[in-house]
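Hello,

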Amino acid sequence: MMEPNVTEIPATVLVGVTGGIAAYKAAEIVRSLVKEGLDVHVVMTRNAQEFITPLTLQVLSGNPVWTETFHLTQEQKIGHISLVDRSSLLLIAPATANVLGKVAAGVADDLLTTMVCAATRIPVIFAPSMNVNMYQNPITQENIERLKRFGYLFIEPEEGELACGYEGVGRLADPGDIVEQVVGRLAPKDLTEEHILVTAGPTEEAIDPVRFLTNPSSGKMGYAIARAAAQRGAKVTLISGPTSCAPPLDVELVRVRSAEEMRKAVMKAFPASTTVVMAAAVSDFAPASRAKQKVKKQDASLTLKLKTTPDILLELGQKKEDRLLIGFAAETQSLVKNARAKLEKKNLDLIVANDVSRKEIGFQSDSNQVKIIGKDGSISELPLLPKRVLAHRVLDQIGILRSNPGKGRRRKT
Ligand code: PMT
């Protein structure tokens, strides 16, 4: 049961870069797509090369950058049509008014527009960026409408201060959002039947109006799970303690502060959920009382009286019915023994055990190394993985548990 059914996205993605001031943001987009494990090939128009060099994008993508339609070496080696054929998606970011107009008119007079013309079997996504007047020009708007009618996809530009000094709509969408939408398009949609409740981050237990007890959780693990679940088609409710993580797209985000607030939010969302993943580092203790005013510095030492907080997962385990419950165990010793004890006590289906005494994994790091322990006693030891990849491995277990006969299945509401 515990063999991981790895969901990787071994896709080749084409990124077209056209000549606008936002072309420099293509560097961040390409770098992030590569970090997502994608094989990225960049195609640049002649004008794009005025803003950013092919060498930059070649280094970041790890692949030769395509610039010429008829280039002896490039053509002999691979051919622009075959590159489209073996790609899963074509993203054009930034997309100028010019490229939108050319594609809308069926013009294929350079390498990028030729590739777009040939890309009839894969999603083509435009992320426009231009001056507000150019964007609002009825010709541009009509071209966009026409392209949408033909099934081309758009990541709409944002409103704000533009590089040309104007204010308005036309700024390239946030590179992080562009990457998330590309990855979301490529991810398998195997969790569409699930409504997954994910918790993330630390809790803060107030001592007085300006002080609190907390822990080093950054929220990265829980946010990665919420993001990956949404990309795989699940309805996702993310209940988060205070973090600086960017909210994932297509996720209902509920922000809380204390363990008590997290409990309330979890209990409210629980009835509609089919699976719960508790990645939050919920504080086990809170001050027995909260001072109304800032506690004054005393000469003598201060003694804090603590009380235990509600154990949210324990409570969920008592009313889980046919839901799947996945917990995390943050341990500094006897990892497997302690994690197993939590799995049993809290009536979980799985527990993901991480050794938080190791600096390079667990709290705050971008990677984690865990053991996934099943209630049948099985242990799956995973290698050191980026939390983004680990999130998919944990979610893979949902399908495995669901296909295990004897388990009921709740439909999302
Ligand atoms: O946020 P990051 O910086 O990315 O770090 C990730 C992480 C280390 C926080 C994460 O991988 C992790 O281990 N999360 C669980 C931390 C924790 O509280 O472990 P625990 O062993 O104390 O609790 C066991 C389980 O019970 C957890 O699922 C926890 O959410 C839950 N719990 C704990 C206490 C409590 N009062 N209520 C709970 O529901």
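The buried residues of helix α12 are covered by several parts of the chain, including the strands β8 (195-200), β9 (205-208), β11 (235-240) and β12 (252-255), together with helix α13 (312-318). Please keep in mind that this is a predicted model. Helix α12 itself runs over residues 259-269, and its buried residues are A259, M262, A265, V266, M267 and A269.

On the surface, F285, L302, L304 and L306 form a nonpolar patch, and together they have about 370 Å² of accessible area. One of them, L304, lies in the loop that runs between β14 (285-287) and β15 (306-308). L304 counts as partly exposed because its relative accessibility is 38%, and that class lies between the limits of 20% for buried and 50% for exposed.

As for the whole protein chain, it has 15 helices and 21 strands, and its C-alpha trace spans about 75 × 55 × 40 Å along the principal axes. Of its 413 residues, 52% are buried, while the accessible surface comes to about 19700 Å², with 50% of that belonging to carbon and sulfur atoms. If you take the contacts between residues at least 6 apart in sequence, 68% of them join residues at least 24 apart. Finally, the chain carries 52 positive and 46 negative charges, whose mean positions are 6 Å apart.

Best wishes

Terms used. Residues numbered from 1 in each chain as written. Predicted model: local features only at pLDDT ≥ 70, side-chain atom pairs only at ≥ 80, totals over all residues. Heavy atoms only, no water. Patch = residues over 30% accessible without salt bridge, like charges linked within 9 Å, V, L, I, M, F, W, Y side chains within 5 Å. Areas by Shrake-Rupley, 256 points an atom, 1.4 Å probe, with all protein chains shown as cover. Salt bridge = Lys/Arg side-chain N within 4 Å of Asp/Glu carboxyl O. Helix = DSSP H or I, 4+ residues; strand = E, 2+ residues; numbered from the N terminus. Buried < 20%, exposed > 50% of the residue type's maximum accessible area, 1.4 Å probe, protein only. Contact = heavy atoms within 4.5 Å. Lys, Arg positive; Asp, Glu negative; His and termini not counted. Charge placed at Lys NZ, Arg CZ, Asp CG, Glu CD.
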